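Please read the following walk through the fold with the sequence and the coordinates side by side. It begins with the contacts along the chain and ends with a few individual residues.

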Amino acid sequence: MDFSSFCPHCQCFQEYTLPAFEEKACQSCKNPLFPHASDKFKESFHFNQCPHCGAAHLYRQKDFNRKLGLILLILGIGMSFFTYGISLLLVTVFDWFLYKRVGEVGCCYQCKSQFRNSPEVEKLPQFDLELHDYYQNLS
Ligand SMILES: [Zn+2]
Ligand SMILES: [Zn+2]
């Protein structure tokens with residue numbers, strides 16, 4: 001499982017690859033990073049709650065770099081004048097190819113932690129706007 005998030009105590013960015021669960025401490029403030037890891041999470045990375053902040057809801061989405069997609073699109077439009085639109089077509093195809101290839105990433109609604117490369121991520125529900133708003137209003 002690949003894990004990336006901001007430390008809840010000092011907001012320092014953390015990134016780990018953990019083949020099996022282990023307790024990790026923040027690199028800068030030394031506070032535990034998974035204070036809410038459930039037994040199931042420790043066993044098999046099952047998400048019944050976020051191991052980081054304890055929120056009960058997580059979702060999955062395509063691990064697609066939207067910024068990169070946007071930059072490509074702008075490039076394609078900018079160059080289409082010189083390439084008679086061919087660059088736009090190329091960018092669209094490339095975009096679609098990227099989108100098809102990327103895997104899923106699991107995210108926490110509350111702390112925005114991200115989880116990758118675990119079969120448990122595929123079992124998470126899709127993004128839900130209502131839940132998202134609910135957590136936005138909490139903070
Ligand atoms: Zn920290
Ligand atoms: Zn969380």
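In this protein, 48% of the contacts with a separation of 6 or more are made by residues 24 or more positions apart. These values come from a predicted model, and the average pLDDT of the protein is 89, with 99% of the residues scoring at least 70.

The secondary structure consists of five helices and five strands, and following the sequence gives the pattern β-β-α-β-α-α-β-β-α-α. The strands come together in an open sheet of five, in the order β2-β1-β5-β4-β3, and the pairing is antiparallel. At the edges of this sheet lie β2, residues 13-17, and β3, residues 58-62, each of which pairs on one side only. From one strand to the next the twist averages 20°. As a general point, the strands of a sheet pair through backbone hydrogen bonds, in either a parallel or an antiparallel manner. Here, strand β1, which covers residues 2-6, is joined to β2 by five bridges, and the two run antiparallel. One position to look at in this pairing is D2, whose bridge partner in β2 is T17.

How does the overall form of the chain compare with that of a compact globule, and what is its radius of gyration? The protein has a radius of gyration of 18 Å, whereas a compact globule of 139 residues would have one near 14 Å. The C-alpha trace spans about 60 × 35 × 30 Å along its principal axes, and buried residues account for 17% of the 139 residues.

Which residues, then, form the largest nonpolar core? That core has six residues, namely F47, C50, L58, C107, C108 and Y109.

Between E43 and Y16, which are 27 residues apart along the chain, the C-alpha atoms are separated by 17 Å.

Two further residues deserve a look for their backbone angles. K30, in the loop between β2 and α1, has a positive phi of about 70° although it is not a glycine. Is K30 buried or exposed? K30 is exposed, because 10 other C-beta atoms lie within 10 Å. Y84 is found in the loop between α2, residues 66-83, and α3, residues 86-101, and its phi is near 55°, again a positive value in a residue other than glycine. With 9 other C-beta atoms within 10 Å, Y84 is therefore exposed.

Conventions:
Residues are numbered from 1 along each chain as its sequence is written. Chains are lettered from A and ligands numbered from 1 in the order in which they are written. This is a predicted model: local features need pLDDT of at least 70, side-chain atom pairs count only at pLDDT 80 or more; totals for chains, interfaces and linings use all residues. Two strands pair if DSSP finds at least two bridges between them. Helices (H or I, at least four residues) and strands (E, at least two) are DSSP runs, numbered from the N terminus. Axes are lines fitted to C-alpha atoms, for helices over the stretch in contact, and angles run from 0 to 180 degrees between N-to-C directions. The radius of gyration is taken over C-alpha atoms; the globule rule is 2.2 Å times the number of residues to the power 0.38. A residue is buried if 20 or more other C-beta atoms lie within 10 Å of its own, exposed if 12 or fewer, and partly exposed in between; C-beta atoms are placed from the backbone. Two residues are in contact if their C-beta atoms, placed from the backbone, lie within 7 Å. A nonpolar core is a set of buried Ala, Val, Leu, Ile, Met, Phe, Trp, Tyr and Cys residues joined through C-beta atoms within 7 Å. pLDDT is the predictor's confidence in each residue, from 0 to 100.
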